[in-house]
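Reader: I would like to learn how to read helix packing and a chain interface. Where do we start?

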Amino acid sequence: MRPFYFGSSSRPLFGVLHEAHGARARPGAVLCPPFGQEALRAHRSLRELAARLAGAGFPALRFDYSGSGDSAGEPAEARLDAWVEDALTAIEEVRESTGEARVAVTGLRLGAAVAALAAARAGGAAALVLWEPVVDGAAHLEELRAAHAAWIRDHAPGAALSPDEALGIPLPPALASDLTGLRLDGLEAPPARKALVLGSALDSPGHSLWRNGAAVEPRAVPASPVWLHAEGMARARVPGALLDDVVAWLAGAVE
Amino acid sequence: MRERALLFGEAKSLAAVITEPAGGPDPRRPAIVFLDAGILHHVGPNRVHVRLARELARDGFVSVRFDFSGIGDSRSRADALPFAESAVAEARQAMDVLAARGAASFLLFGICSGADTAIRAALEDGRVAGAALVEPYLVEGPGYTLYAYRRKILNPLSWWRLLRGRSEILETLAARRRAGNAGGAEPAARPGEGRPPLEAAADEVPLILPSRGEAARQVRALVEKKVNLCFVYAQEGPAYHNWLVLLRREARPAVRQGRARLLVLAHTDHVFTPLAAQDRLVAAVRGWANDVAARTTAG
């Protein structure tokens, strides 16, 4: 687990590379985090996923989008397209470090949308895992704002409610507008040789993605909302079985 | 402003980011060390460590934010040192990293359990010139329930909700009755969250809360050591109540001598979710750090 900065020197991105130590070498993997507070809460689970991927031979790179985590940039200037470019930069970084063009891309929640858009822009990923993907950006925006309003009502009553913040993180108007225009099902075909879509409900919007694509496997999984506030500050829980399933699927997908 | 990531510690297992002013650190200023809050990684609750580090860099401060063993991006320890001891040892190692780059004195910043660790590190390490303690000692002391209810009763919104049958006070009382013999209050699950099939991660951060007597002794000792202090509280919470009934009198000599200050924020939660509360927290800590630096230089 090695933290480092990569990408443009004027706007470096923070990443953590989990070097592969499995019995066999596999392509690199890039993990795209969700937005804002969800990324902070899901940090432990994505770390654990990266560690398990590395153990199976995938060098795995976690990273922070511009204006989030330790990456450079102001959160007030965050844009969805810039995050897709950040994911592309991470894909290039992994390609360079492994010397292999094939990359597996995984994303959680909004990160799944970023992962798919980046994979499409990169000409397709070797394998793509969308974990509880945000398919409809407008619905996601509504959900974030509702969660913020509920949190403020219950935990900081009297604080002013602003549409420009979501659970402690700036949500600038331009980013909100980007989310409103996001429809992952606007991608006509899966941007990967094989794709796995994990959703916790049978009617999860992700399950309708690329329904006719033979290379797409929708899979219903038990709800493991690792991105929510609920777990508090003193403990983290990870959905170990789900993460193992992702690693096993990716190992099969890149054979 | 420049940032670089590194691994430090005996096993090179602790992940850190150093933030430096564009023109290099001002050697007359103390360096800043940010300490993890609970299991939240080194960017801090709501990323407030990153924001503070970058704003303080504009004032000439170098800082390091890092993860304790097993938290965030740091590997777990190979030994079985209890968290209370390893956290203080690792905070001191983080100071060593900046000391090797020229820092002579330090200001610690911690929220919640990070503040508790900052207190213990400041007591152990003579290089600590100050500590910003945000929501330290998060335990409900005797009388807190009454304090919280009195504040709610004085809040017109509470009356409105009571009259509409949606009183938090009533809900809280009912929840406490239900939890009565259950050995502690579990945070209520939100609708739809349920209990996911999750397994506990390898590490949890035990809340290392001293007894009330020990907490008072710790603050008294910090005051006697002439450590500069900045206490920040959320007005409604149990940590501030502890300040009022327990710590205020211990800190009074330092407040009188200008070595301790207090910021109490209304309309915020424990981790400063409203951005307006974050703005005030950052401004207060930045002002305090600059004042301490000026005083240290003058002295």
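Author: With handedness. A crossing is called left-handed if the near helix is turned anticlockwise from the far one by less than a right angle, and right-handed if it is turned clockwise. In this predicted model, H2(A) passes H3(A) in a right-handed crossing.

Reader: Which residues of H2(A) and H3(A) make the contact?

Author: H2(A) contributes A:Leu80, A:Asp81, A:Trp83, A:Val84, A:Glu85, A:Ala87, A:Leu88 and A:Ile91, and H3(A) contributes A:Leu110, A:Val114, A:Leu117, A:Ala118 and A:Arg121. Sorted by class, the contact holds ten nonpolar and three charged residues, with no polar ones.

Reader: What else describes two packed helices?

Author: The angle between their axes and the distance between the axes. Helix H2 (residues 80-98) and helix H3 (residues 110-121) of chain A pack at about 65°, and their axes are 9 Å apart. Angles of 65 to 115 degrees count as roughly perpendicular, so H2(A) and H3(A) are roughly perpendicular to each other.

Reader: How are H4(A) and H5(A) oriented to each other?

Author: Helix H4 (residues 137-155) and helix H5 (residues 173-180) of chain A cross at roughly 130°, their axes coming within 6 Å. H4(A) and H5(A) are therefore oblique to each other. On the H4(A) side the contact involves A:Gly137, A:Ala138, A:Leu141, A:Leu144 and A:Arg145; on the H5(A) side, A:Ala176, A:Leu179 and A:Thr180. Five of the contact residues are nonpolar, two are polar and one is charged.

Reader: And in chain B, at what angle do the axes of H3(B) and H7(B) cross?

Author: At roughly 45°, for helix H3 (residues 113-124) and helix H7 (residues 212-224) of chain B, with the axes coming within 10 Å. H3(B) and H7(B) are therefore oblique to each other. H3(B) passes H7(B) in a left-handed crossing. B:Ile119, B:Arg120, B:Ala122 and B:Leu123 of H3(B) meet B:Gln218, B:Ala221 and B:Leu222 of H7(B). That contact comprises five nonpolar residues, one polar and one charged.

Reader: Now the interface. What area is buried between chain B and chain A?

Author: About 4300 Å², with carbon and sulfur atoms giving 55% of that area. Chain B puts 54 residues into the contact and chain A 59 residues.

Reader: How many salt bridges does the rule find across the interface of chain B and chain A?

Author: The rule finds two. A salt bridge here needs a side-chain nitrogen of Lys or Arg within 4 Å of a carboxyl oxygen of Asp or Glu. B:Arg65 forms a salt bridge with A:Asp70, and the closest N and O atoms are 2.7 Å apart.

Notes:
Residues are numbered from 1 along each chain as its sequence is written. Chains are lettered from A and ligands numbered from 1 in the order in which they are written. This is a predicted model: local features need pLDDT of at least 70, side-chain atom pairs count only at pLDDT 80 or more; totals for chains, interfaces and linings use all residues. Side-chain values use heavy atoms; hydrogens and water are left out. Axes are lines fitted to C-alpha atoms, for helices over the stretch in contact, and angles run from 0 to 180 degrees between N-to-C directions. Helices (H or I, at least four residues) and strands (E, at least two) are DSSP runs, numbered from the N terminus. Angles under 35 degrees count as roughly parallel, over 145 as roughly antiparallel, 65 to 115 as roughly perpendicular and the rest as oblique. Contact means heavy atoms within 4.5 Å. Ala, Val, Leu, Ile, Met, Phe, Trp, Tyr, Cys and Pro count as nonpolar, Asp, Glu, Lys and Arg as charged, and the others, Gly among them, as polar. Buried area is the accessible area (1.4 Å probe) that two parts lose on being put together, summed over both.
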